[in-house]
Amino acid sequence: MQPVNSYVLSATGIDKIFPGARALNGVDFSLRRGEVHALLGENGAGKSTLVKCLTGAYRRDGGRILLDGADIDPQSTLEAQNLGIGTVYQEVNLLPNLTVAENLFLGRQPKRFGLIDTREMNRRARALLAEYELDIDVTAELAAYSVAVQQVVAIARAVDLSGKVLILDEPTASLDAHEVAMLFRIVRRLRERGLGIVFITHFLEQVYDLSDRITVLRNGQLVGTRETADLPRRDLIAMMLGRELVEEVATEHAAKAADGEVRFRFRGFGRKGHIEPFDLDVRAGEVVGIAGLLGSGRTETAEILFGAERADSGTAETAGRALDLSSPRAAIREKFGFCPEDRKVDGIVGDLSVRENIALALQARRGWARPISRAEQDRLADQYIKALDIRTSDREKPIKLLSGGNQQKAILARWLATNPDFLILDEPTRGIDVGAHAEIIRLIESLCEKGMSLIVISSELEELVAYSHRVIVLRDRAHVAELVGEEVTTAGIVEAIAASASAGRADA
Amino acid sequence: MTSTLKAYAIRLFPQVAALVVILLMVSFAFPDFFRLEMQNGRLYGSLIDILNRGAPVALLAIGMTVVIATKGIDLSVGAVMAICGAVAAACITSGYGLVGTLLVTLGTGILCGLWNGVLVAVLDIQPIIATLVLMVAGRGIAQLITEGAILTFNDPGLIFIGSGSLLGLPMPVVIWLVFGLVVSLVVRRTALGMLIEALGVNRRASMLSGVSTGVLLIAAYVLCGLCAAIAGIIAAADIRGADANNAGLWLELDAILAVVVGGNSLLGGRFSIAASLLGALIIQSVNTGILLSGFPPEFNLIIKAAIIVLILVIQSPRAQSAFVFLSRSQGAAPAKTEEEAK
């Protein structure tokens, strides 16, 4: 146990309850002076909720927060800021239409005779930024500079205002390698000055590059806090994904690797800035799983296969003929289907009925001039409501009133109604209840038996192992490994995700 | 089929009820209100007058309904009316003949719609800004065409469109009734209606489901431009001249109001053209009713605003849920209900 005063910030037993969900459950978190502490976890693990409790954006429902050994209870981010906790978000929360200096001193501009002393403000701004080796025109609008520079300005403001704790919420998400290096230099210097820095990111490389300790959250609970040096990458991933590596062998895996003809062949398929070119073969009646951490390029792969983002390199063909995947419409004509990850934004058409949502893709493919008759729509809707056990009082209910799992089943029905050859499912089981979960997995297996080709993206590794014939592993927006047959185990997938970057990127 | 009819009746009930109440109120102040006379094979009377005067807004409301269903809005329709009126007058006076004039004018309206549609669908500009461009520039274009003067004409064919009659009804009434019916049928008998509603509710999800969202969006604005062109021809034919400054002035706002009074959401999605047409009639009934009732003209706009606020309040979700609440508690506390009704 460290002496208490080496901790600048320590939170114990933090609870946060939202209606219907426990977002944080007795989480402990402590931050030393002069350390970079990485806060990790998959989406929905509770990272941002914890940060928001620390910074006063949320009121916590239980637990203590000590800053410099004294109890604090920030009611607002402003109060937390004044106490010494500053936050910099991924989306820079400054005012792009004001000058750099104005942004730095907003709300506390130096005044002379009651008026803002712009010259003094600019002088101080220059002095402040000089500490960060940033020599820019502080009288120019903030928007004129790159995100990286804006990020540094935001950090400078936060540190100048607060100066004890700095929380960086995914600061590197939109930066390139060079800018990340610059940012890290600054963070290291702040660490030397004795600040406690919380660093949230999805990039494990950066975690190992920068952090001293790591705290992992999962499902609102603390998994553990470790010294970075003592935590091998594969153990970290196991902590994040919550798999007990030793026991997880592929006993339930249907290892009958499909050996039919390759039906869809992608070569050098990719799009700059989205996903590195990859090769992919998919057979009839085969489920290809896609695994990888968040931000590794899973959804990007799905979008490019479906034409939601147009590929700028490579070829796609089926039965010796080139596939037109230039738009979702074109892909649907090739009998492709795509259940997107973000059901609410990309999937459901909320105000329309379950019936219309099921008929939508089929109707779009037939064209507006050949309407599906109402009787046919009713038949289609009833058929899938029954087949997929969609729980709704009737088919005319607006789909937004259904539960997540039933919405997901209705979207699946939308695609099944088009009788696709190739179906892409992006996180088909996310955020749905256990019963619907099992039904969707059974559905995937039965579709595959009927000869459909499926691509399934999931962060549930056990699930992937259960139904995939092959698993493609993604890292840093590139396909880095392919596991076939006996290799498809949760341990194998974790191993492949964790393999060091240098091994994965031989050409880099 | 009967369930569809029933759904239709439920949907249109508030608009029909509002219209009936307003007409009854006017008839108290003006007893001759419901009288119809047949003269020279044409019906005359206040009701016919409402149908006739309401023609431009009714036509605009047809296109506006579809555009609003796509989560858009078209502020330029008034200006497009002015442009098309000016084009019609310019064509007919330079001897294009009636058919040529009508074709060029309708083509102009379609072109205006195409411009708006491309700005919205291709360049992804917010509809309110995209159509503001033509709203401002349009009147200038119309003034350029008429060279600042009121361009008059006396071609009997064109004038017939504004003041002739067919089957006892004034031409403008026939035109908006037929056009409204045709558009409603095309939209509901094909899959267009559903695809437009899907696009309006969730454009990205519709796109990912294979709906040609871009084409549909442009088509909606083109329809709106076409409606404005027809309205522009009627307005010009009515006064036998093109007035670039005043033709269609502020009518875009009346058209939007008609759509809203028709119970269509400005957030897009579900729409009913019939309800919007009833909305247009409600607005025109209020206008005509105030004039007939002999209120001093300076009160007109204020009374109109008050009536419309009342209709909108009655339609608002909060008021709806309050009605449900009141009707449930009526048995328990009648005194309170009465008090609140005041």
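Guide: Residues are numbered from 1 along each chain as its sequence is written, while chains are lettered from A and ligands numbered from 1 in the order in which they are written. In this predicted model local features need pLDDT of at least 70, side-chain atom pairs count only at pLDDT 80 or more, and totals for chains, interfaces and linings use all residues.

Visitor: What makes a residue part of the contact between chain A and chain B, and how many are there?

Guide: Two residues are in contact if their C-beta atoms, placed from the backbone, lie within 7 Å. Chain A gives 25 residues and chain B gives 20. On the chain A side, α10 (328-333), α11 (343-347) and α12 (354-366) each supply at least two residues. The largest share, 6 residues, is from α12(A). Helices (H or I, at least four residues) and strands (E, at least two) are DSSP runs, numbered from the N terminus.

Visitor: How do the residues of that chain A side divide into nonpolar, polar and charged?

Guide: Ala, Val, Leu, Ile, Met, Phe, Trp, Tyr, Cys and Pro count as nonpolar; Asp, Glu, Lys and Arg as charged; the others, Gly among them, as polar. On that basis the chain A side has 16 nonpolar, 3 polar and 6 charged residues.

Visitor: Why is α9 of chain B called largely enclosed?

Guide: A residue is buried if 20 or more other C-beta atoms lie within 10 Å of its own, exposed if 12 or fewer, and partly exposed in between, with C-beta atoms placed from the backbone. In α9(B) (residues 192-201), 9 of the 10 residues are buried, so the rest of the structure largely encloses this helix. Among the buried ones are Met194(B), Leu195(B), Ile196(B) and Glu197(B). The buried residues pack against α12 of chain A, and against α3 (55-69), α8 (171-189), α10 (203-208) and α11 (213-239) of chain B.

Visitor: What makes β4 and β5 of chain A a pair?

Guide: Two strands pair if DSSP finds at least two bridges between them. β4(A) and β5(A) (residues 70-71) have 2 bridges, antiparallel. Leu67(A) stands opposite Ala70(A). The two strands form a hairpin with 2 residues between them, and Asp68(A) in the turn has a positive phi of about 55 degrees. β4(A) (residues 62-67) also pairs with β1(A) (residues 7-18), antiparallel over 5 bridges. There, Thr12(A) faces Arg64(A).

Visitor: Which strands of the 6-stranded sheet in chain A stand at the edges, and why?

Guide: The order is β18-β19-β20-β15-β21-β22, in an open sheet with mixed pairing. β18 (336-339) and β22 (478-484) each have a single partner strand, so one side of each lacks a neighbour in the sheet. Within the sheet, β15(A) (residues 287-291) and β21(A) (residues 470-475) run parallel, joined by 4 bridges. Ile290(A) stands opposite Ile472(A).

Visitor: What are the residues of the contact of α5(B) with α6(B): nonpolar, polar or charged?

Guide: Residues including Trp115(B) and Leu119(B) in α5(B) meet residues including Ala130(B) and Leu134(B) in α6(B). The contact has 7 nonpolar, 2 polar and no charged residues.

Visitor: How far does the predictor's confidence reach in chain B?

Guide: pLDDT is the predictor's confidence in each residue, from 0 to 100. Chain B has a mean of 87, and 94% of its residues reach 70 or more. Over residues 331-342 of chain B, pLDDT stays under 50. Where pLDDT is low, the predicted coordinates should not be read in detail. The model scores ipTM 0.83 and pTM 0.71.
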